[in-house]
Amino acid sequence: MVRLEPAAGLRSAATPVFRLRAEFDEPLAAATAVPTSLRLTAAGPDNATGTADDVPVSGAFAFLPAENALELRLPGRLNTGKYLGRIAGSVSDANGLALGSDITWTFEVLAPPVTPLWPEPDSVKALDQVTEVRARFGVAMIPDTVTPATVQVRAAGPDGLPGTPDDPAFTPSAFTFDPETRLVTWRVSAPLGADQYSVHLAPQITGAAGNSLPTPVTWRFDVRGPIAWATDQSGSWSVPGNWDVGRVPDRDFVIIDRPNASPTTTLTGPGITLNWLRSEESLVVSNTSLTLREPSRIGGSLQLHQSTL
């Protein structure tokens, strides 16, 4: 019987791996306990273990006869990745009985999990809502790796697209990381203006187990001002020219209020979701759905025809 460390099938973001170890029930023949008898490889570019592109992991081999054990002592903690341990089939007990075939097992060092808290991914926030960005890690982290340089908030650059190379990074007015709660908070003194934003967590961010983010963790959110109905005439919701920004609302904050007229706005077609709606005019919702995420006001008449609100 062989006891393995790390255990076969281990998948953990919290367990540091400093060594590979195989412990036997019987004394081993010293002549078969050699550096090639215990090896470790990491998954290569194909992200699978046991394939041709696996990468050998070096370490200091040790034979511990008093413990009937073989060890591969690593120079540091294993980073995020998939690994395969191998005991050579030539290893034999003191009576010369060899294993006969290699024993292999796999385990995985997971990346530190991170949960975006505020703003939520793909959310739309109002102009006065966002003065901070928050996220929480799921395991203990190395605090010196969680800094304003590795946690950035960027606005869409000149190309108008978030997540592209021309995006400028904001300098926070305050930045904190609490190792106890694992909460990172990025703050600015004034609310973020209307724009498309992306949050970037760099691969240098590292868990206490030595596991870093293998790729940047990113999410996006928008900050928008309200969109208003721009005409005194009745008309279709889906016509861009009926709105002051020249586009049809989508996950927006919508105002329909024409003090000097009484237009009727008609919503048909695919269902839409808004953050809130404040309408003082007549609204007809026909053969569609209208979802409101936040408390809203419909002060004018409302007609629902085969629709949901």
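Are arginine 21 and glutamate 71 buried or exposed? Both of them are buried. Keep in mind as you look around that this is a predicted model.

## A pair inside the protein

Let's stay with those two residues. Arginine 21 and glutamate 71 form a salt bridge, and their closest N and O atoms are 2.4 Å apart. The pair links distant parts of the chain: arginine 21 belongs to strand 3 (residues 19–24), while glutamate 71 sits in strand 7 (residues 69–73), 50 residues apart.

Arginine 73, with a relative accessible area of 40%, is partly exposed.

## Another bridge, and a network

Aspartate 252 lies in the loop between strand 19 (235–236) and strand 20 (253–256), and arginine 224 is in strand 17 (residues 217–224), so the bridge ties together parts that are 28 residues apart in sequence. Aspartate 252 is buried, because its relative accessible area is 0% and the cut-off for buried is under 20%. Arginine 224 is buried as well, at 15%.

Some salt bridges share partners, and in this way Arg3, Glu5, Arg19, Arg21, Glu23, Asp25, Glu67, Glu71 and Arg73 are joined into one network. The count for the model comes to 18 salt bridges.

## The largest pocket

What is the volume of the largest pocket? It is about 150 Å³. The residues lining this pocket are Met1, Val2, Phe24, Asp25, Glu26, Leu28, Val91, Ser92, Asp93, Leu97, Ala98 and Leu99.

Sorted by class, that lining has eight nonpolar residues, three charged ones and one polar one.

## A nonpolar patch on the surface

Which residues form a nonpolar patch on the surface? Look for Leu302, Leu304 and Leu309, which together have about 250 Å² of accessible area. To find leucine 309, follow the chain to the segment after strand 27 (302–305).

Conventions: Residues numbered from 1 in each chain as written. Predicted model: local features only at pLDDT ≥ 70, side-chain atom pairs only at ≥ 80, totals over all residues. Heavy atoms only, no water. 1 Å grid on protein atoms, 1.4 Å probe; cavity = no way out; pocket = protein on both sides within 12 Å on 5 of 7 lines; lining within 4 Å. Points joined across faces, edges and corners; volume = space filled by probe spheres on them. Nonpolar A, V, L, I, M, F, W, Y, C, P; charged D, E, K, R; others polar. Patch = residues over 30% accessible without salt bridge, like charges linked within 9 Å, V, L, I, M, F, W, Y side chains within 5 Å. Areas by Shrake-Rupley, 256 points an atom, 1.4 Å probe, with all protein chains shown as cover. Salt bridge = Lys/Arg side-chain N within 4 Å of Asp/Glu carboxyl O. Helix = DSSP H or I, 4+ residues; strand = E, 2+ residues; numbered from the N terminus. Buried < 20%, exposed > 50% of the residue type's maximum accessible area, 1.4 Å probe, protein only.
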